[in-house]
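Student: Can we go through this one together? I'd like to start with the chain contacts and then look at some local details.

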Amino acid sequence: MTSGLIFGLTGIAVFAIGLFGALVMVEPLRRVLALKLCSVGAGFLLVVGAWREPPEAPDPVPHALVITGIVVMISATAVALALIRRLHMLERDTDD
Amino acid sequence: MTELPTIDWPTAVVFAPLAGAILAFAWPRRAAALGLASVLVTAGAVAALALQVLAEGAVLTRLGNWGAPLGIDLRADGLSTVLLAMTVGVGAFVSLGALDSYAPARADDRTRRYFWPLWLLLLTGLNGAFLSTDVFNLYVMLEVIALAAVGLTVLGGGRAAVRAGLDYMYASILGALLFLMGVGFVYLELGRLDFAGLIAAEPAPALTAALALMIAGLLLKTALFPLHFWLPGAHANATAPASALLSGLVVKVSLYVFLRLTQYMPLPDELLVTLIGALGAGAILWGGIQALRAERLKLLVAWSTVVQIGLIFVAFARAGQVGLAESWKAVALLILAHAVAKAGMFLAAGRIKDEVGHDRIADLDRSPIRPTLAQFTFALAAISLIGLPPSLGFAGKWVLMEGAMAAGYWHWVGVTMIGTLFSVAYFSRVLASFLRFDRMRSPVAEHQGWALADAAPLILALSALGLGLAAAPILAFMEIGYPFGATP
Amino acid sequence: MVEPLLLFDALLGLAIAALAVAVLTVHDRFAMIVLFIVFGLMSALAWVRLSAPDVALAEAAIGTGLTGALLLTTLHHIRAAPAAPVPVPGGVVVANLGLCALIFGGLAFAFLLTPLQAPGLAPAVAQNMAASGVGHPVTAVLLNFRAYDTLMEVVVLLAAIVAVWMVERGTVQAPAPVLGEIYRGFSRLALPAIVVIGSYLLWVGAQAPGGAFQGGAVLAAVGLLLLLGRLYRPQPAHRPFARAGFVLGTAVFAGVALLVAGGGRLPFEYPAAHAKTLILLIEGMVTISIAVTLAALFHGREPEAVPVSEKSE
């Protein structure tokens, strides 16, 4: 049992939970959060791939990839949220 | 960048549209001129790259001179170059069509200003993906494409478009994240991300997991039945030039990545190849039925994309696992044929809708305005999509059938035939109404609705037809640099 | 191999998974976002345990902090909408639950069969560190070895702000939440400190954990406070400057990558003597773009002179 093993399984679990949410959730904000869970799960897997039993230094390449992934994900989240706000506004206007 | 010989063409192919996007966004008033110029510069760069590939074979650029796997390489072989040429060629004509579709009389200022930066960012992503040799870089490119494509989907701003755009966004991001999870497993097993590492790899459980995740993500992004649910709404509700780009080009990039990955990381089982072919058959049947039921022209054209994607996956499976090394040619030809014809068809459908004022199929023949040139264009594009000679679609289907018959896989031949019958049936619904004149009491304004804007779709549709004659040289060019040989 | 720490890891892992479930199941949407923020911070903590401080910093600042702010402001706008529009049939839920359990099983199986701690690219990075121009390996990967990826990541951010400005057009929205008097006072005090912290993170990134993205995120927080405290109101006349800010990072990054080419050098191949300066220049410009873009993503719509709400639909 190592930290890598524990958090690797955590990441896969979080990814699967996020996938479930992305497939069945209908509420817009929750679907966005489900996708974000998937991306954190994938981040876990990459960070675990970089991990070495201390005191050995970790592999910096996956760390860089996850940072890139985080910035990409907030970009996608921002666009999805803008669409949600816009759709809400259009639907509210026609409901009146 | 000062002397001609020092220009690195693969880099130029990615950076030219990026520069255009930056300029078009920073100077919105000049967006159209800057955007068009940048598309033309990109086309020039792709042409130069094609000449270089023809002369020297595959072109490799080690960005930063580190070399994979530490750095990232760009690689243009025959297949990449053909797809780049397809992208920039179709893109250039759609750009011309966009000049009319988003002209001040038809679209608001905003639509015009935002189309160009989004389309050029999309072009950057597409070109980058076709040149990529690194799975994580592919993930980033897929995200560039996804965000730009969603932006283009909702360009019209109507409620249906925004709702479809949001569904598209969820599907697209989920697909990209499945891909990213696969990238994680690749690094876990191999400790590298470049294609050369994938080719050299021994089979391992982590790689099987990676392949499964990546394929699931790509199939979702390319809308293979039953993961197609997001496509018809998104493609039918976007404005015509955006639909042409989405249907013609965007779904092709995930197909291309699928093709690369399955050649470099072979599918472990014959059953899986058959399953993918079966999903393709499902797409042909379900998409065909939906296209027959569609009430609107653009929705019919969008469902025909679902059918064509299915056909491409049948082409992939046509000769089973042993034939995968050859099947890519049929797949590549069909990708090319569909891109050119579908872009032309969507632009033509947009022209018909613009001129007639609606796109309800049942009422198209009741209109006093006959956009005859656009209708003719639509018919020409339909010929290629149905797969009649001498079109490119025919060439692709021919290679498909040949492989399936040689391998004795008659079921794939049968599925292809059924698909062809379906496309004849649903396109006839439209074409028949073009030919009927008895439904109009008042004199038909035969010559209304011709415009210079008909030129772009017409050229695309004619190309789809005529390129069939050039299928042999195209196939020969695609094999330059051994796309799926031993050396990556 | 200290047992108590492993126990801590196991508990942390369980807590993270439980929080993920809670985010999806809690009824109240505000609670959902708060739980997500806790989840993000716990994940960042786990990544610190996996000796990834840069990633933890980025996740805490961008993935959790700014994402949380984006979610909260969106919830504020759509709070009138019903929480759950249409219930999903139970059969669909069960089928998907089974599917995802199967996927978890398969992926966990593949993961357990994979030996961890493969050499990876760490030796190659260590070997080339001297030539990279920076002292911190993660920064070297981000801005030199895989600089092309990072450029494209900034392009993704640019695509996002273009798309967001395009999507949210011409309609007067519900006013954004405003900070109260006390917080407004706090933000006036806090702003200079945050600017200093952000700049420090950027500067230190060359040698130690930190860098353009973390620094940019902290500076974006400045923008958020300015917007929330109404200390800055976006005006239509400011749009050219905003656009310049959005494209600055991409333009400088791409420009440097191209201009260093020639004379036998390839794109992205910084001349050894200037590598450090060029990377710092890129980082600085990218930081500004990230800060401006993230703040603008939070603000959402493009500031427009004339609302044209009638034209849509």
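Tutor: What follows is a short chat about an interface, some ring pairs and a few backbone details. This is a predicted model, where local features need pLDDT of at least 70, side-chain atom pairs count only at pLDDT 80 or more, and totals for chains, interfaces and linings use all residues. Residues are numbered from 1 along each chain as its sequence is written, chains are lettered from A and ligands numbered from 1 in the order in which they are written, and side-chain values use heavy atoms, with hydrogens and water left out.

Student: How many salt bridges across the interface of chain A and chain C?

Tutor: The rule finds 3 salt bridges there, each needing a side-chain nitrogen of Lys or Arg within 4 Å of a carboxyl oxygen of Asp or Glu. A:Glu27 pairs with C:Arg29 in a salt bridge, with the closest N and O atoms 3.7 Å apart.

Student: Switching to rings. How many aromatic pairs are there over all chains?

Tutor: The count comes to 22. Rings of Phe, Tyr and Trp (its six-membered ring) pair if their centres lie within 6.5 Å; planes under 30 degrees apart count as stacked, over 60 as edge-to-face and the rest as tilted. B:Phe195 and B:Tyr264 make a tilted pair, 5.1 Å centre to centre with 55° between the planes.

Student: What does the pair of B:Phe195 and B:Tyr264 tie together?

Tutor: B:Phe195 is in helix H7 (residues 195-200) of chain B and B:Tyr264 in helix H10 (residues 240-264) of chain B, so the pair ties together parts that are 69 residues apart in sequence. Both B:Phe195 and B:Tyr264 are buried, which is to say under 20% relative accessible area, while exposed is over 50% and partly exposed is in between (1.4 Å probe, protein chains only). Elsewhere, ring pairs link B:Phe15, C:Tyr148, C:Phe253 and C:Phe268 into a cluster.

Student: Now the backbone. Where is the peptide bond to B:Pro226 cis, and what is omega near?

Tutor: The cis bond runs from B:Phe225 to B:Pro226, with omega near 0°. B:Pro226 sits in the loop between helix H8 (205-222) and helix H9 (231-237) of chain B. The bond from B:Pro389 to B:Pro390 is cis as well, with omega near 5°.

Student: What is phi near in B:Ala223?

Tutor: Near 70°, a positive value in a residue other than glycine. Most residues other than glycine have a negative phi, and most peptide bonds are trans. B:Ala223 is also in the loop between H8 and H9 of chain B.

Student: Is B:Ala223 buried or exposed?

Tutor: Buried, at 1% relative accessibility. B:Asn65 has a positive phi too, near 55°, but B:Asn65 is partly exposed, with a relative accessible area of 41%.

Terms used:
Helices (H or I, at least four residues) and strands (E, at least two) are DSSP runs, numbered from the N terminus.
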